[in-house]
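Let's take a walk through this structure together, one region at a time. Keep the 3D view open beside the text, so that you can turn to each element as we reach it.

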Amino acid sequence: MGFGTTNGHATGNGNGTGGGKVTDYTPLWPMVPGTRKISVTINGTQVEAEEGQTILQACRVLGIDIPTLCYEPKLAPYGACRICAVEVEGVEGTPISCGTTITEGMVITTHSERVIENRRMVLELIFSDHDAYCLPPCQFKCPTRVDIPGYLKQNTLGNWEEATRILKRSLPFPAILGRVCPAPCETHCRREEVDTAIAIRDSHRYCADRVLEVDAPAPIPWPKDPPTGRRVAVIGAGPAGMSAAYYLQLRGHHCDVFEAEPEQGGMLRYGIPQYRLPKGWMDRELNHVWELGAELKPNMRLGRDFHLGDIIDDYDAIYVGIGCYKSNELGIPGEDADGMVNALENLYNSTRGVPVPRLKGARVVVIGGGFTAIDCTRTSVRQGAAEVTLVYRRDLKDMPAADEAHEAIEEGARLIFQAAPTRIMTDENNKVTGVEFQRMKLGEPDEKGRRRPEPMAGTEFVVECDTVLGAIGQGPDLGWIESEPEEIRAGLEVSRRGTLVSEEHIFRTDVPKVFASGDVRTGAATVVEAIGEGRRASYAIDYWLRGHDLDDPQVRRIVTEPQPNFLTIVPFTDDVKEPRAIMGKLEADERKTNFNEYEFGYTGDQAMAEASRCLQCTCEAIGHCDLREAAIEYETTLNMAIDERSIQDNPYVGVNHGYGRDETHSFILRDYSRCIDCGRCAQVCKEIVGAGCYDFIGKGLDSLVTTADYVSLNETPCVSCGRCAETCPVGALMPRPRVLETYQLDISRCIFCGICADACPYDALRCGPEFEFSEYQRDLPMLDILEMSDRERPTR
Amino acid sequence: MAGALSPQIRILSAGEHRLVTDIGRVDPGSLDSYRTHGGYAGLERAVTRLSPEEVIAEIEAAGLRGRGGSGYPAAEKWRAVRGSGADRRIVIANLMGADPSALGDRALAEGNPHLIVEGALIAAYASGAGEAIVAVRREWTEAIQRLRVAAAEATDAHLAGYLMFGTDTSVQLSIWEGSGAYVAGEETALIAALSGDRGMPLIRPPYPTERGLWTVPSVVQNAETLAHAAWILSHSADAFASVGTDASRGTKLVTVMGRVAEPGLLEVPLGTPLRELVAMAGGPTGTTKALFVGGPGGGALDAGELGTPYDYEPLEAAGAIIGSGAVLVADTSTCMVDSARFFADFSAREACGKAVPCRIGTRRLVEALDRILAATPRPNDFTLLRELSKKVSDTALCKLERLAPAPILTTLARFEDEYRAHAERGECLAGACQTPRLRPLLEPLGGTDAAAPLE
């Protein structure tokens, strides 16, 4: 098992991915004895091929990856998709490789600029009339790409453990994120078009809580791989480091997790207040990492207790995920005044339960609009401050922690928007007496769409206070780099923003063995982003430890998890409205005096009802869709590996079809909108099965491969063999999910016609030698088919 | 008269009359009438006095090239099928009339059906085929009727069927009617349709001469070519080659339409300059601006290119083709963008749906033209027209797809000012379009952002 299902069959061979560069091609399997060899030139290399092979077959033997959509190996080449086209010297146009027989001395180019452009054109044309999803928007917007429809489906059944297992495939800590995640997924939920978005975060909080409650080993996403003997040092036991360790451990590498503080959790423990994330509960979930065999090395601060140079020889790889612990300075006069408190230090103390006497009865001003600012505000309320004011330079809707703003107001804090500090007012003893602010107006939107604040002269005003908490962002503390040995220091680059530079998507630094991701790379971000970064870094490290070249495009294609984004959405018109389930919580008066968790979570019924609201906008074929794989390789749509391209960049967007879905058949599910008209099902059904259920209908853009007059499959000669679903390169034809039944064979009635073995598309029944012999044993009343299948028999 | 042609077919008197000579003189419903005018003399000569190889040699000496548009030498096809030595071989006469505006084949089938039958039988004899199928477009009911009568009469008279002319040569003759569609005129699509499938092109190679109908070697030949073959056998190779150019000998049926005084069907020697074609059709009725030569996949030539000879290679060099044998004359009151859209839309609507670039790509080209006509172009629409056209041709499954973008490319190369005026100012330089005429059509789709994604 690999990482999840999104890899599909991208795991081709490593030798030769085209690109036009001269490579030594070696055949992946030997030639059929007795065939005549002919010599051809492919991509500038002289190679041997078998006589009678097509260009495509010869290239597949050599491991040259030519995409195909309509090619069905069992049948004669069809030539509908035009994507396998190559260039052949002396031949007009770009002939298709599946239908061109190779001849002596042919000069073939499989990945020239012209061919690639043509393939891209084919894909973009298909996408311009492909009204379907790969990933639902929620899943796409989640930095961890967690399978949201998948776990919600399990939630509807009350199958909490399976739901959690699905979550843990890409998000190891669903209970923690169920409390602290800003839920970027929910803002893109399609249910919003019907009534309100699904409570995705609250739903996974519920199922993960149910699993944490029981005293049993936590579900793991896939059986742990056998130990590889490799050792990885993970530096930082925060969200990034812990999720990297979780997946590396599952892949069989041993992890030692170095942590500066005495306990695990990083910012989860020392930044996020108890009332949002109870630490005991958090530990239960983080402990899953140690259950897998990783070891915590506490009180080891990088740069103080050890250096990379000390451990680099003891480990096969080092992962740096130390986060952001250095508060940005306000950069205004009076910052050294008595009464200026470091926001992170304040949170650090209060999360450890250390009282902060200074805040008791104080008049506090918090500057900033992020999660640190709002945590400081609400913590100050709970610490007994007399008056708390949060000042943010943008509008409420642009505030990163906008969700919590109303809760802070309920608890008595005052929020001022569109104002920025100009100086700290002090008295003669250099004690803070207030902060002077200037009003801001909102100017032009920046690249994130947030409007840039601009100061308005003459609008200064003063907020009186005695304590100021500046929480306008954090950066990583990279002072430890200076104390590293020269060869390591030289490979660690600090960006202009003060973050550690590592290669995007594969998280490699210039120091061999050393990888870095999470906040230390991106700058202060959300927990869910850190977890996503940590997991993806673990993929890169795993591939690297297994000896793959991270520069190999095949490997890159897997580790970067590029996600095509096809969001041409048909508005959802079903008017069944069900309100979103709301979690119960404590009233402001009850919660503002203590650090207890104030949200209760769902009840089981609520969680099931909420999950059943999900529209399941996902493609069942996502893991094995040839179209999607080709789209990723040819960068036709949004692809994180190169640059962000989206459907808007598809120049061919025009009139398109939104076909319906046919669920009438018991075994085969048809979704015409996903059909790319490759004709494979029609060919297979006619030529192999003989039923001929499908064919092209209509002319021009409206042509579609479907049944005659679009009738249900039940009205056709369909024999329910499933070969059409098997051959479909996309998700247009799929085996319908159903409850598995056990079939029984009454051998006393069998006439050994062999039709069952012939018809079975999956070779579940085969004509072995015993099958023939058994004719002589008909006196035996009942022969168990299972017993027959257990016997050794030569494979064909 | 019994042998009247369909009203839309008018044969013009100018030009070099060979195939059309007997139209109107022979009674299409009577074998005797055809034989009185020298009919079946060529077939008789071939079957009773010449060996198949000699027939092929004579066709080769005449220099007969396929009149269906590609100009492939007929003798080579026949020889390839003959040389295959297969047990079963088939000759298919193609009367599917891909381009509905071209009248040549239909005129022959209605006015002198025996000529086509005779040609098909000669081709069958020469290539060693035991079957000859005349495939006719279903809409041409009169032509089907007359071909059926002709086939029955010829068979009854032992000119076809078993033991023709008392020799041991046998050719089973049949008339097949198929649904008319643009793509059905493509030879592999015709083969697919004949074998019972939907008429969609197959991959070439293998060519039909190696693996055709029901996988046997087949000669697929346009009806006009077969008629020429019959003419050659009954006259002589030298007589056939007496007109035409060095590369392309003989005559060709041409349909001249549009802004001319007398639109109709001409038979002219290959190599006749386009200017003369227009003159033979009564001359232009306005100031000629452009000629669309070759039907839906043809190209536009401008007034300065009227000296181009009507011949395969010179036309191809200029960006047009012989194609279906149609020549559309456009004068200064014709909008070139709208004309290009008309042809492109025809190709897009008639696409069989098999190849992706054709099914979707041609429609996208029309959409780009619609946007230009509506004066609401996207910024890169001109690049899109050029690039996508090139790529659609590049990745084409069949010849019709390869040629489909030609009207756009040729008009864009010669009349870019008209495109620019439409796109930038909403003005039709020809004064023909009431721009922005398509805006109301696009508005229900949300203007140019027809499929803008929800974000």
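**A guided look at chains A and B**

In chain A, three strands make up an open sheet, ordered β23-β24-β27, with antiparallel pairing. The edges are held by β23 (661–662) and β27 (733–735) of chain A; each has a single partner strand, so one side of each is left without a neighbour in the sheet. Please keep in mind as you look that this is a predicted model. Zooming in on one pair, β23(A) joins strand β24 (residues 668–671) of chain A through two bridges in the antiparallel sense. There you can find A:Asp662 opposite A:Arg670 of β24(A).

For the parallel kind, turn to strand β5 (residues 231–235) of chain A. Five bridges connect β5(A) with strand β6 (residues 254–258) of chain A, and the two run parallel. Here A:Val234 faces A:Val257 in β6(A). Is β5(A) mostly covered or mostly uncovered? It is mostly covered, with four of its five residues buried.

Stepping back, chain A as a whole has 26 helices and 27 strands. Of its 796 residues, 47% count as buried.

Now for a pair of helices in chain A. The axes of helix α4 (residues 148–156) and helix α5 (residues 160–168) of chain A come within 8 Å and cross at roughly 170 degrees. Angles over 145 degrees count as roughly antiparallel, and α4(A) and α5(A) are therefore roughly antiparallel to each other. Which residues meet here? From α4(A) come A:Gly150, A:Tyr151, A:Gln154 and A:Asn155, and from α5(A) come A:Glu162, A:Ala163, A:Ile166 and A:Leu167. Sorted by class, this contact has four nonpolar, three polar and one charged residues.

A:Lys441 sits in strand β15 (residues 432–445) of chain A. A:Lys441 has 12 C-beta neighbours inside 10 Å, so this lysine counts as exposed. Leaving aside residues up to four places away in sequence, A:Lys441 touches A:Glu454 and A:Met456. From A:Lys441 to A:Leu157 there are 284 residues in sequence and 50 Å in space, C-alpha to C-alpha.

The buried residues of α3(B) are B:Val55, B:Ile56, B:Glu58, B:Ile59 and B:Ala62. Because these residues cover an arc of only 160 degrees around the axis, they lie on the same side of α3(B). B:Glu53 and B:Glu54, on the other side of α3(B), are exposed. The cover over the buried residues includes α2 (41–49), α4 (74–84), α6 (113–127), α9 (223–234) and α10 (237–241) of chain B. Just after α3(B) comes B:Gly63, with a positive phi of about 75 degrees.

Finally, see where the two chains meet: 32 residues of chain B are in contact with 37 residues of chain A. On the chain B side, the elements giving two or more residues are α13 (336–350), α14 (356–373) and α15 (381–394) of chain B. The largest share, eight residues, is from α14(B). By class, the chain B side that touches chain A has 17 nonpolar, four polar and 11 charged residues.

How values were computed:
Residues are numbered from 1 along each chain as its sequence is written. Chains are lettered from A and ligands numbered from 1 in the order in which they are written. This is a predicted model: local features need pLDDT of at least 70, side-chain atom pairs count only at pLDDT 80 or more; totals for chains, interfaces and linings use all residues. Axes are lines fitted to C-alpha atoms, for helices over the stretch in contact, and angles run from 0 to 180 degrees between N-to-C directions. Angles under 35 degrees count as roughly parallel, over 145 as roughly antiparallel, 65 to 115 as roughly perpendicular and the rest as oblique. Two residues are in contact if their C-beta atoms, placed from the backbone, lie within 7 Å. Ala, Val, Leu, Ile, Met, Phe, Trp, Tyr, Cys and Pro count as nonpolar, Asp, Glu, Lys and Arg as charged, and the others, Gly among them, as polar. A residue is buried if 20 or more other C-beta atoms lie within 10 Å of its own, exposed if 12 or fewer, and partly exposed in between; C-beta atoms are placed from the backbone. The arc is that of the directions from the helix axis to the C-beta atoms. Two strands pair if DSSP finds at least two bridges between them.
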